[in-house]
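Subject: Structure for your files

Hello,

Please find the structure below, followed by notes on what was found in it.

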Amino acid sequence: MTKRQWGAFYGTDLDLQLRRRGVNTIVLGGIASSIGVESTARSAWEHGYELVLCEDLCSDLSEETHAHSFKYTFPRLARVVNSESITFE
């Protein structure tokens, strides 16, 4: 899959591929918390996925914008954790 926009869902078949595999939870990290990560998180939420955001696996152009996304936006969309707490069953 080639991502062509800020968010990973727009213009891709990501949703189709995840649903075909029975995925209902996404663990997300990435570059530019306030841009790409936030766009993907919003779209994942709109598509009905459970979302886990790993704060220590994200970065941004500034600490201020990173902190803003994790304080105000992400808690409304996802469970915010550090990667150490992730377990897979």
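Leaving out neighbours within four places in sequence, Phe70 is in contact (heavy atoms within 4.5 Å) with Ser33, Leu53, Cys54, Glu55, Cys58, Pro75 and Val80. Phe70 is placed in helix 3; helices (H or I, at least four residues) and strands (E, at least two) are DSSP runs numbered from the N terminus. With 7% relative accessibility, Phe70 counts as buried, where buried means under 20% relative accessible area, exposed over 50% and partly exposed in between (1.4 Å probe, protein chains only). Phe70 and Glu38 are 32 residues apart along the chain, and their C-alpha atoms are separated by 9.4 Å.

This is a predicted model: local features need pLDDT of at least 70, side-chain atom pairs count only at pLDDT 80 or more, and totals for chains, interfaces and linings use all residues. Residues are numbered from 1 along each chain as its sequence is written, and side-chain values use heavy atoms, with hydrogens and water left out.

His66 is also found in helix 3, which covers residues 63-77. His66 is buried, at a relative accessible area of 8%. Its side chain makes a polar contact with the side chain of Ser33 at 2.7 Å (a pair of N or O atoms within 3.5 Å; within protein, one must be able to donate a hydrogen and the other to accept it, and residues adjacent in sequence count only if both atoms are side-chain atoms). Not counting residues up to four places away in sequence, His66 touches Ser33, Glu55, Cys58, Ser59 and Asp60.

On helix 2: Ser33, Gly36, Val37, Glu38, Thr40, Ala41, Ser43 and Ala44 are buried there. The cover over these buried residues includes strand 1, strand 2 and helix 3. Thr40 has a relative accessibility of 9%, and touches Trp6, Gly7, Ala8, Phe9 and Leu28, residues up to four places away in sequence not counted. Ser34, also a helix 2 residue, is partly exposed at 28% relative accessible area. Beyond four places in sequence, Ser34 touches Asp60, Thr65 and Ser69. Ser34 and Cys54 lie 20 residues apart in sequence and 14 Å apart in space, C-alpha to C-alpha. Just after helix 2, Gly48 takes a positive phi of about 90°.

Ile26 touches Phe9, Leu18, Ala44, Tyr49, Glu50, Leu51 and Val52, not counting residues up to four places away in sequence.

Last, the largest pocket. Its lining consists of Thr25, Val27, Val52, Arg79, Ser85, Ile86, Thr87, Phe88 and Glu89. A pocket is an open set of points on a 1 Å grid over the protein atoms alone where a 1.4 Å probe fits, with protein on both sides within 12 Å along at least five of seven lines; lining residues have an atom within 4 Å of a point. The space in the largest pocket is about 170 Å³, a volume being the space filled by probe spheres set on the points, which are joined across faces, edges and corners.

Regards
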